[in-house]
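Please work through the exercises below with the structure open beside you, and try each task before reading its solution.

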Amino acid sequence: MHSLILATAIRLLLPLMLLFSLFLLLRGHNEPGGGFVGGLVVAAAFALYTLAHGEKEGRRMLRVAPLQLVASGLLIALTSGLLPLLAGLPFLTALWSAVPAPVIGHAGTPLLFDLGVYLLVAGMSLLIIFTLMEEN
Amino acid sequence: MLPALLLSIPLGLFAWFALQIGPVATGQLLQVSVPWLPSLGVALSFRLDGLGLLFALLITGIGALVLLYASSYLHDHPHLKRFNGFILAFMAAMLGTVLAGDLITLFIFWELTGLCSFLLIGFDYQQEASRRAAFQALLVTGAGGLALLAGIILLGQSVGSSDLTTILNSGDLLRSHSLYLPILILMLAGAFTKSAQFPFHFWLPGAMAAPTPVSAYLHSATMVKLGIFLMARFSPVLGGTDSWLICLTSVGGLTLLLGAAKAIQRTDLKQILAWTTVSALGMLTLLLGLGTPLATTAAMLLLAVHALYKSSLFLTAGAVDHGSGTRDIRRLGGLGRTMPQVALAAGLAALSMAGMLPLAGFIAKELFYEATLHAPYSPWLITAVAFLGNSLTVAAALLAGYLPFYGTLKDTELHPHQVDLRLWLPPLLPALLGLLIGFFPAAFGRLLLAPAVAQVAGKPVPVELALWHGFNPMLLISVVTLGAGLALFSLRNHFQMQRQSPGWDTEQLYDLLLAGLPRFADMITSYLQNGRLRYYLMIVTGTAVALMAATLFTSSTGTLQLPRPDGSLHEWLTAVIILAGALMATLTDSRLAAVAALGVVGYGVALIYILFGAPDLAMTQFCIETLSIILFVLVLHKLPRFTLLSSTRSRLRDMVIALGVGSVMTMLVWRAVSQPLIPSLSTWFMEQSLPAGHGRNVVNVILVDFRALDTLGEITVLAVAALGVYAMLKPRSGKEGTD
């Protein structure tokens, strides 16, 4: 199922979609978006790339194994919940930086949590997609 | 060097506890408490009172002896260090249980003793019998532990506190509480399983598969006494009622007779001792059931005396095994000449067990008879039971402590040899202590017994022990008991002949249950999970819908009304598109077309989200739809061509289920939108989103902050599902790689 148009377009679209997914992740706190949909966009981008170039090429492009994405996502989300324990606050209490950072605005543990969701959703979708495409 | 270091732990603890004898005897209560779950009122708390101290001394003292003994007994065992670790862990769990000052603390340590005993009984894990015994003990005491947990929770809730001191002062409240009987039954289930009472007694003789030091420690002096401890601990608040009296005396009496009768039919030293332990535990339960101050005193004395003579006898049995190579009393005899110290220990312990003057066992037996003669109901029946049990015990004591050591060796192929100090000193010390208590009963009674009895009775009880009570009915019964015991002993060959057929025991019930459970699970599993995915789907959706429908129809409140009958044209158009997609998906005979139609439904729903102002949901829905269509396409082209194989009947059935699911979901949504929304919640989220959550997108703030725990749960499920998918699909491709 080789399509020249898809193969060419996705080379240009992939970075754009990844950028867009980051944009969704970062602005999610104030505007529509968020980690979940951001992760899905990542998965869609790589899924299209894999459709055009095959499973091996898709895996190579992703560089990390999807299972590692899932694990690190869960770990990051859990860490964001554990951090407030160090400050003596209950599990998953949101901590915010006092000074707004450039681009992302106020940084805080919810963003870290959302990053975990982002990675996990992307990893899980790609895990299934890669595994299903493997036989070809 | 290592054994000395190892021994210093129990010995140091023993010394510390011994130093507390004086303060505790004057009525001091030592308490330590660390908050554990303050929101639930649970604390890791410990208290040292008379009852706990008596147990603590037995646990640490005999623990030290067992460690010393094991260093010789298991010296060539590859896992001796592991054994020492297990024993110390078990000792810690025991101490935690008997010193617990909080119900939850008590339960945690109680369960830890069960786990440690599993490891210890199954110590020789290469042997089938050990594994079976360990598993059996774990299952029986574990089941009792579950009952105990339920009882403890009920108890804590009835009193309103899990603190032991508070509970021990709430006796009147509890005895008149409507939950008294359930609490009593559940707690006794825990106690009876742990202390091997009928009908749970069978695990204790089974547990003799453990190495002898384990039997000496767990199955004579410590773990099996925990059930007794539990009954003693809670007798001030749960005792004194008719149900307590009847339950404990009948179960205790039955266990006493059963254990003693089985003991004299055995020929293996450890089996004899195990069954007499069952019988002694029955005696203790019986005495605690009677509940009079006299009976309580007798129970505490018997508990201490039994721990001393029984651990001593178990250790001598191990020494005999070690020195001669067998524990079969039909082959043994005359060992007193080759191992005199062991014979001395066994003799003293057996005399105490038989209740001979001037040993501590004599005082215990006198008190026992005095308590049964003054029993609150049918004293003669209870005394008769006690007499029968004691006579059998005398015979068993002679079998275990006399027969192997006197006369001549019956099996000349055995070559018994002397055992070293570490094998004969540990049994000799507790046996000598039994003699010492016999000589100084008053001091023992005042310092150790009286504080323990006061705890069990719930009030101070004068304890005056003396070796000689003068000529009274108790002495007469004691003498007759000895005579009857001797007579039974002389008839031993007759009883042991009967032992050819195994006979019926509740153990068979256990086996039946253990074999039946997997078979039952197998039946259920093969019915519900038969490997055909469409049935899984049917069962899952059918169950969910049936439960929902039942709730819907039983809790009908308010009237149903169409929220927006006057929808605008594009809303109606979207609805028509969704319906058309759904219809197409069911009617088409091309898989790809069905998937595309489902996609139309999904996109239509996303459109609805946009129309009603939920861009987040819409965006996510679009992505999900796109990805799932990609996934479908990836799978579908691998399948064979679509053909209709199902019969009209099964298609009709599927239609009924599908329509049922659809209509129940419609009803649910309809019902939901007919209810007025709870404005306070959404207003609260709207108002708090920016100040508390630092974000204007309320949906996202809820997801990652307000309800982050839910999200964490959800992504964990996702991760597990991903693993499941990976595991399910991976082997197939792996196999292809090897082809």
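**Exercise 1.** Find the residue of strand 2 of chain B that is the bridge partner of B:S33, and then describe the hairpin to which the two strands belong.

*Solution.* In this predicted model, the partner of B:S33 in strand 2 of chain B is B:S45. Stepping back to the whole pairing, strand 1 (residues 30–37) and strand 2 (residues 42–48) of chain B run antiparallel and are joined by seven bridges. Four residues lie between the strands of this hairpin, in which B:G41 takes a positive phi near 70 degrees.

**Exercise 2.** Decide whether helix 26 and helix 27 of chain B are roughly parallel or roughly antiparallel to each other, and characterise their contact by residue class.

*Solution.* Begin with the geometry: the axes of helix 26 (residues 569–587) and helix 27 (residues 591–611) of chain B come within 8 Å and cross at roughly 160 degrees. Angles over 145 degrees count as roughly antiparallel, and helix 26 and helix 27 of chain B are therefore roughly antiparallel to each other. The crossing in which helix 26 of chain B passes helix 27 of chain B is left-handed. Next, look at the residues that make the contact, which include B:I577, B:I578 and B:G581 of helix 26 of chain B, and B:V601, B:G604 and B:V605 of helix 27 of chain B. Sorted by class, this contact of helix 26 with helix 27 of chain B has 14 nonpolar, three polar and one charged residues.

**Exercise 3.** Carry out the analysis for helix 13 and helix 19 of chain B: what is the angle at which they pack, and how do the residues of their contact divide by class?

*Solution.* Helix 13 (residues 242–263) and helix 19 (residues 379–401) of chain B pack at an angle of about 25 degrees, and their axes are 9 Å apart. Since angles under 35 degrees count as roughly parallel, that makes helix 13 of chain B roughly parallel to helix 19 of chain B. Here too the handedness can be stated, for helix 13 of chain B passes helix 19 of chain B in a left-handed crossing. Among the contacting residues are B:G253, B:L256 and B:L257 of helix 13 of chain B, together with B:V385, B:G389 and B:L392 of helix 19 of chain B. The residues of this contact between helix 13 and helix 19 of chain B divide into 10 nonpolar, four polar and no charged.

**Exercise 4.** Describe the side of chain B that touches chain A, and state which element gives the most residues to it.

*Solution.* Start with the count, in which 37 residues of chain B are in contact with 39 residues of chain A. The elements of chain B that give two or more residues to this side are helix 28 (615–636), helix 31 (698–706) and helix 32 (708–738). Of these, helix 32 of chain B gives the most, with 15 residues. By class, the side of chain B that touches chain A has 22 nonpolar, 10 polar and five charged residues.

**Exercise 5.** Where in chain B is the pLDDT below 50, and what scores does the predictor give the complex?

*Solution.* Chain B averages a pLDDT of 87, and 96% of the residues score at least 70. The pLDDT is below 50 over residues 733–739 of chain B, a stretch that has three contacts in the model beyond near neighbours in sequence. Where pLDDT is low, the predicted coordinates should not be read in detail. For the complex, the predictor gives an ipTM of 0.91 and a pTM of 0.74.

Notes
Residues numbered from 1 in each chain as written. Chains lettered and ligands numbered in written order. Predicted model: local features only at pLDDT ≥ 70, side-chain atom pairs only at ≥ 80, totals over all residues. Axes fitted to C-alpha atoms, helices over the stretch in contact; angles between N-to-C directions. Parallel < 35°, antiparallel > 145°, perpendicular 65-115°, else oblique. Left-handed = near helix turned anticlockwise from the far one by under 90°. Contact = placed C-beta atoms within 7 Å. Nonpolar A, V, L, I, M, F, W, Y, C, P; charged D, E, K, R; others polar. Pairing = 2+ DSSP bridges. pLDDT = per-residue confidence, 0-100.
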